[in-house]
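These are my notebook entries on a structure that was new to me. I set down what I looked up, in the order in which I looked.

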Amino acid sequence: MRKLLLVSLSVLVLTACGLGEQYVYEGESEHWEASFTASKDGAAVTREFVLTYKGELEELAEIDQLRYSYDAGRFGSETGRDFGGDPPSEKQFTSRDSGNGELLMSGDEVVEVHVRWGDKEETMELRSE
């Protein structure tokens, strides 16, 4: 019984150590919703930004370009998509980056997002839950 308890406790401690740090930020504007996830597991740092159009896919058929950016204080990113006359085939756009180093997040940040599509623009703030 004591051996089983010791093994269970060891598994629990090892599992908790493997979780690392993770911060999730979410927000929305009139036409878009977004999430930003920053995580660190050991030395590996991963950032993922997901932008989703809230309307119907057909509403994006006339746009030639989509530009979006996020600013999280110590880092940010700007991404563009050129559709070249072919309408978007999905409403969700994802950007990822990863590497080794510091996470540079604390959970208190506000992530500023700017979206420009066609002749429209919106901004939003993403906050940690």
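**Entry 1: Ser29**

I began with Ser29, which touches Lys54, Glu122, Thr123 and Met124 when residues up to four places away in sequence are not counted; contact means heavy atoms within 4.5 Å. The model is a predicted one, in which local features need pLDDT of at least 70, side-chain atom pairs count only at pLDDT 80 or more, and totals for chains, interfaces and linings use all residues. Residues are numbered from 1 along each chain as its sequence is written, and side-chain values use heavy atoms, with hydrogens and water left out.

I located Ser29 in the loop between strand 1 and strand 2; strands (E, at least two residues) are DSSP runs numbered from the N terminus. Is Ser29 buried or exposed? Ser29 is buried, at a relative accessible area of 12%, where buried means under 20%, exposed over 50% and partly exposed in between, with a 1.4 Å probe and protein chains only. I also found a polar contact of 2.4 Å between the side chains of Ser29 and Glu122. Such a contact is a pair of N or O atoms within 3.5 Å; within protein, one must be able to donate a hydrogen and the other to accept it, and residues adjacent in sequence count only if both atoms are side-chain atoms.

**Entry 2: Aromatic rings**

I searched the whole structure and found 9 aromatic pairs. Rings of Phe, Tyr and Trp (its six-membered ring) pair if their centres lie within 6.5 Å; planes under 30 degrees apart count as stacked, over 60 as edge-to-face and the rest as tilted. Trp32 and Tyr53 form an edge-to-face pair, 5.0 Å centre to centre with 65° between the planes. Trp32 lies in strand 2 and Tyr53 in strand 3, so the pair ties together parts 21 residues apart in sequence. Trp32 is buried at 0% relative accessible area, and Tyr53 is buried at 3%.

**Entry 3: Nonpolar core**

I then looked up the largest nonpolar core, which has 27 residues; among those with the most contacts inside it are Trp32, Phe36 and Val115. A core is a set of buried Ala, Val, Leu, Ile, Met, Phe, Trp, Tyr and Cys residues joined through side-chain atoms within 4.5 Å.

**Entry 4: Confidence**

I noted an average pLDDT of 85, with 85% of the residues scoring at least 70; pLDDT is the predictor's confidence in each residue, from 0 to 100.

Methods: Helix = DSSP H or I, 4+ residues; strand = E, 2+ residues; numbered from the N terminus.
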